[in-house]
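Work through the exercises below with the sequence and the 3D view at hand. Try each task before reading its solution.

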Amino acid sequence: MKKIVSYPFILLVRFYQVAISPFTPASCRYSPTCSNYTIEALQKHGLVFGGWLALKRIISCNPWGGSGFDPVPKNNNE
């Protein structure tokens with residue numbers, strides 16, 4: 001059920017990666033990129049918690065925020 005609810009949002013991020021991101025300068029300060037992080041967070045944790053993780057990550061991706069390697073936290077079921 002978690003995957004079905006998250007799927008439309010994953011499609012939106014994929015659309016961004018294909019149609020918008022190639023035309024903007026690379027500016028993500030993290031690895032994996034914020035869009036890849038969002039997809040992985042939604043797949044692992046679902047819409048609510050994965051969306052919250054993605055939102056926190058996107059907000060912190062600025063010159064005064066963090067940078068470097070920042071993986072999606074493991075799911076308790078893993």
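**Exercise 1. Classify Cys 28 and Cys 34 as buried, partly exposed or exposed.**

Solution. This is a predicted model, so the values are computed from it.
- Step 1. Take Cys 28: its relative accessible area is 31%.
- Step 2. Buried means under 20%, and exposed means over 50%. Cys 28 is therefore partly exposed.
- Step 3. Take Cys 34: its relative accessible area is 13%. Cys 34 is therefore buried.

**Exercise 2. Decide how many disulfides the structure holds.**

Solution. 
- Step 1. Start from the sulfur of Cys 34. The closest cysteine sulfur is in Cys 28, 3.3 Å away.
- Step 2. Apply the cut-off: a disulfide needs two cysteine sulfur atoms within 2.5 Å.
- Step 3. The structure holds zero disulfides. Cys 28 is in none, and its nearest cysteine sulfur is that of Cys 34.

**Exercise 3. Describe the largest pocket: its volume and its lining.**

Solution. 
- Step 1. State the volume: about 300 Å³.
- Step 2. Count the lining: 15 residues. Nearest the centre lie Tyr 16, Ser 21, Cys 28, Thr 33 and Ser 35.
- Step 3. Find the elements. Helix H1 (2-20) and helix H2 (34-60) each give two or more residues to this lining. H2 gives the most, with four.
- Step 4. Sort by class. The lining has eight nonpolar and seven polar residues, and no charged ones.

Definitions and conventions: Residues are numbered from 1 along each chain as its sequence is written. This is a predicted model: local features need pLDDT of at least 70, side-chain atom pairs count only at pLDDT 80 or more; totals for chains, interfaces and linings use all residues. Side-chain values use heavy atoms; hydrogens and water are left out. On a 1 Å grid over the protein atoms alone, a cavity is a set of points where a 1.4 Å probe fits but cannot get out, and a pocket is an open set with protein on both sides within 12 Å along at least five of seven lines; lining residues have an atom within 4 Å of a point. Grid points are joined across faces, edges and corners, and a volume is the space filled by probe spheres set on the points. Ala, Val, Leu, Ile, Met, Phe, Trp, Tyr, Cys and Pro count as nonpolar, Asp, Glu, Lys and Arg as charged, and the others, Gly among them, as polar. Buried means under 20% relative accessible area, exposed over 50%, partly exposed in between (1.4 Å probe, protein chains only).
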